[in-house]
Amino acid sequence: MAGEALIGALRDDVDRLLAAEPEVRADAPDSVHQMRVATRRLRSVLRSYGKLLVKKPAATMGAELKWLAGLLGEARDAEVRADRFAALLAEHAERARRADIDAVTARLVDAERERYRAAHDEVLAALDGARYRELREELSGWRTDPPLRHSRAETSATDVFEEVLRRDLDRLQSLVRAEPTVDPHERVEVLHEIRKSAKRLRYSCEAAEQVLGDDAAERGRHAKKLQTVLGDHRDAVESHEAILHRAAEAAASGEDAGLYEILAAAEDVAAGRELSRYPATAAALFG
């Protein structure tokens, strides 16, 4: 039955989230990322398979997961930027003076690591708060007894899960088809929407693997590749913009902005490289 299959998918994602919590508290490597992914997976499954659930409690759960994902996202984004900036500097250090490297490191890497520490403190405060405790208790109950709409939950799992995957695939395909017609200034945001839609399809496919088998798994792998390509593209674009912003701050303070320009150019190249992979990756998903 569809309800039983959904319970299995939800249980796996709840377990991922709860298992990540002590790691986040200990600030273990990659722990914020793992908890954020688990939170996003749950939100995505709730949206894709929402017709199997009672509307009001599902909407409330989705809102609480969005709150948690937002907190984790602040920390994770700072962590990613710090690591990315550090890697860029290591790659291009030989082209700059030591003093310039130190100044740029302070504005890029050190500043992001400080943002991470502040954001991580906010996460810890939230994990110790009543709102998260209530969310955790609710999620623990959802592992075995989510608020199912029994009229839908007792229908064929194959039929329901195939319908969900078809709907998520159609949504993504519509975005991909429309993308070439958008204004060039809007393209980055449209590609971001395509990435989010690919991620939703990936998670709905992964939730359906136990029901639909290899077909869902294969589609999910292709969706993940598209999500990754567009995610890497957006990371490079946002890094490029952040570096230019820091360059302007440095120039206003009388610092040499030459190294910033080198790093920004490298990110521009990286963005173009990832974007060149997009058409073939999208085509493979719909093939």
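**Entry 1: a helix pair.** I opened this predicted model at helices H1 and H5, and I noted that H1 passes H5 in a left-handed crossing. I looked up the geometry next: the axes of H1 (residues 2–25) and H5 (residues 130–142) come within 9 Å and cross at roughly 145°.

Which residues of H1 and H5 meet? From H1 I listed Leu10, Val14, Leu17, Leu18, Glu21 and Arg25. Facing them from H5 I found Tyr132, Arg136, Leu139, Ser140 and Trp142. Sorted by class, this contact of H1 with H5 holds seven nonpolar, one polar and three charged residues.

**Entry 2: the fold as a whole.** I stepped back to the secondary structure and counted 10 helices and zero strands in the chain.

**Entry 3: helix H8.** Where does H8 bend? I found the bend at glutamate 206, by about 35°, within a helix that covers residues 187–212.

**Entry 4: the largest pocket.** On to empty space, which shows up on rolling a probe the size of a water molecule over the atoms. The largest pocket has a volume of about 1300 Å³. Its lining counts 40 residues, and those closest to the centre are Arg36, Arg40, His192, Arg195 and Lys199. I checked which elements give two or more residues to this lining, and they are helix H2 (31–48), helix H3 (55–92), H7, H8 and helix H9 (214–252). H9 gives the most, with 11 residues. What is the class make-up of the pocket lining? I have six nonpolar, 11 polar and 23 charged residues.

**Entry 5: the cavity.** How many cavities of 30 Å³ or more does a search of the whole structure find? The search finds one. The volume of the largest cavity is about 50 Å³. I went through its lining and noted Ser48, Tyr49, Gly50, Lys51 and Leu52, together with Arg152, Val160, Glu163, Val164 and Arg167. Helix H7 (residues 157–178) gives the most to this lining, with four residues. By class I noted four nonpolar, two polar and four charged residues around the largest cavity.

Note on methods. Residues numbered from 1 in each chain as written. Predicted model: local features only at pLDDT ≥ 70, side-chain atom pairs only at ≥ 80, totals over all residues. Heavy atoms only, no water. Axes fitted to C-alpha atoms, helices over the stretch in contact; angles between N-to-C directions. Left-handed = near helix turned anticlockwise from the far one by under 90°. Contact = heavy atoms within 4.5 Å. Nonpolar A, V, L, I, M, F, W, Y, C, P; charged D, E, K, R; others polar. Bend = angle between axes of the 7 residues up to and from the residue. 1 Å grid on protein atoms, 1.4 Å probe; cavity = no way out; pocket = protein on both sides within 12 Å on 5 of 7 lines; lining within 4 Å. Points joined across faces, edges and corners; volume = space filled by probe spheres on them.
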